[in-house]
Amino acid sequence: MGFKKGFLWGGATAANQLEGGWNEGGRGLANVDLMPHGQDRYVIGTGEKWIDHVDDHYFPSHKAVDFYHHYKEDIALMAEMGFKVFRLSIAWTRIFPKGDEQSPNEEGLKFYEDIFKECHKYHIEPLVTINHFDCPMYLINKFGGWRDRRMIDCYVRLANVLFTRYKSLVRYWLTFNEINMILHFPFVAAGLRFKDGENKTQAMINCAHHELVASALVTKLAHEINPQNQIGCMLAAGTYYPETCKPEDYWKAICDNRESYMFIDVQSRGYYPPYALKWIESHQATVPFVEGDKELLQENTVDFISFSYYSSRVSSATPDSSLQTESNIFASVINPYLKSSDWGWQIDPLGLRITMNELYDRYQKPLFIVENGLGAKDIVEEDGIIQDDYRIDYLREHIQAMKDAVDQDGVDLMGYTTWGCIDLISNGTGEMEKRYGFIYVDRDNMGNGTFKRIKKKSFAWYKKVIATNGEYL
Ligand code: BG6
């Protein structure tokens, strides 16, 4: 019993939160480069306000944790922990700096090729997110981001180049990170900036449909280029519980869950379910189908379901706004039975087992947990030790819940990559001091620090977990 042989243990990252080198190697400007640290970040992420060019705000992604220059050292540390898989994403503008060029930037391609080769040196399988929240600014200015169908061609061109160039190096791909984030953080998830007075749901549904069509097209392409390619969708997961057994609360929880599941229903089942079409219609919006879309979606569903899980959520038919908490951008009613992280994200290991069961019941495809972890402040003690027992506790309880889902419920799980295996920039807040890693990086919220890497206590712990295939927790 326990996790299967070949279970993919590892860690996860995203280019804009990790790499830095924002204007090196021919890289072009992306939406993520215009996401500042501080108060403005959230409203920019939601597409309500924006910054057009690099100004005197502090933009943490520009240097991030400088993986761009440290990747060999970082991958060696991951190898030392025994990683079997490393999840990373491609910065679109390294490959196509503007986004609509006909030929790619060799320097960008070479950068990722070197990384993948470095991974294979240690028998680490790369898991590549083709798009983790980044979108070329040139395309945002030209098309308005994913609201425009012409984005699809640019994205497919990118994917084609990646599948061809890395054919012998990468087998596991995710098309879009947390695709349901379009409804919550649309500038980040789809390069969307709202126009005055427009129907926002319509704008977001346009983006969603174009990303869903693009996802199906590249799923098809990936299978054609290499039948061994395995393609996953990616959901920001975390089941909504009803606040009480009042039927209205239960109904609200169903509706809230569906706002996320509708994306994965399309990617995994191949069609928009009736409830999704009704929800869209109830917002005076329509899906911008063109001829052939329905067949394309139906014929090119994903091979596996990947998701992030940090917390469960709570729905109420009559929410009290003073009792709300933030949980990865989505607001939720506070669950009085759970403790919270320092950022108010509620900690619910059983919620992971519940989420896994819901997803597996619904889709009956292998699952892959590609993000999970605790954002916390770490203290470097005088002797350079970082005692992150709180992180070990969080991960231990979540891995136990995941084991229960596998052993007792029969869920088919491919792997587990903890979020921010090396400390990186927070997507939600732009902070550096919200740390998730086993590897500490000397850098603070305002960009001071040496980039020195230090192993935390959790480093040795996770190494043992991997070495025993999850027997030791
Ligand atoms: C997920 C994203 O939403 O949560 C990551 O895919 C993000 O990019 C992670 O970093 C954790 O959120 P935060 O706001 O703590 O960085």
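I begin with Asp389 and Lys457, whose side chains meet in a salt bridge, N to O at 2.7 Å; the term denotes a side-chain nitrogen of Lys or Arg within 4 Å of a carboxyl oxygen of Asp or Glu. This pair links distant parts of the chain, 68 residues apart: Asp389 belongs to helix α14 (residues 389–407) and Lys457 to helix α15 (residues 457–467). Helices here are DSSP runs of H or I, at least four residues, numbered from the N terminus. Asp389 is partly exposed at 32% relative accessible area, and Lys457 is partly exposed at 37%. Buried means under 20% relative accessible area, exposed over 50%, and partly exposed in between, with a 1.4 Å probe and protein chains only.

The model is predicted: local features need pLDDT of at least 70, side-chain atom pairs count only at pLDDT 80 or more, and totals for chains, interfaces and linings use all residues. Residues are numbered from 1 along each chain as its sequence is written, and side-chain values use heavy atoms, leaving out hydrogens and water.

Asp265 and Arg269 form a salt bridge at 3.4 Å, N to O. Both lie in helix α10 (residues 247–269), four residues apart, about one turn of the helix. Is Asp265 buried or exposed? Asp265 is buried, at 0% relative accessible area, while Arg269 is partly exposed at 31%.

Arg150 pairs with Asp148, their closest N and O atoms being 2.8 Å apart. Here Arg150 is partly exposed at 48%, and Asp148 is buried at 16%.

Finally, a network of salt bridges links Asp378, Asp388, Arg391, Asp423, Arg435 and Lys456. The count of salt bridges comes to 32.

Note on methods:
Helices (H or I, at least four residues) and strands (E, at least two) are DSSP runs, numbered from the N terminus.
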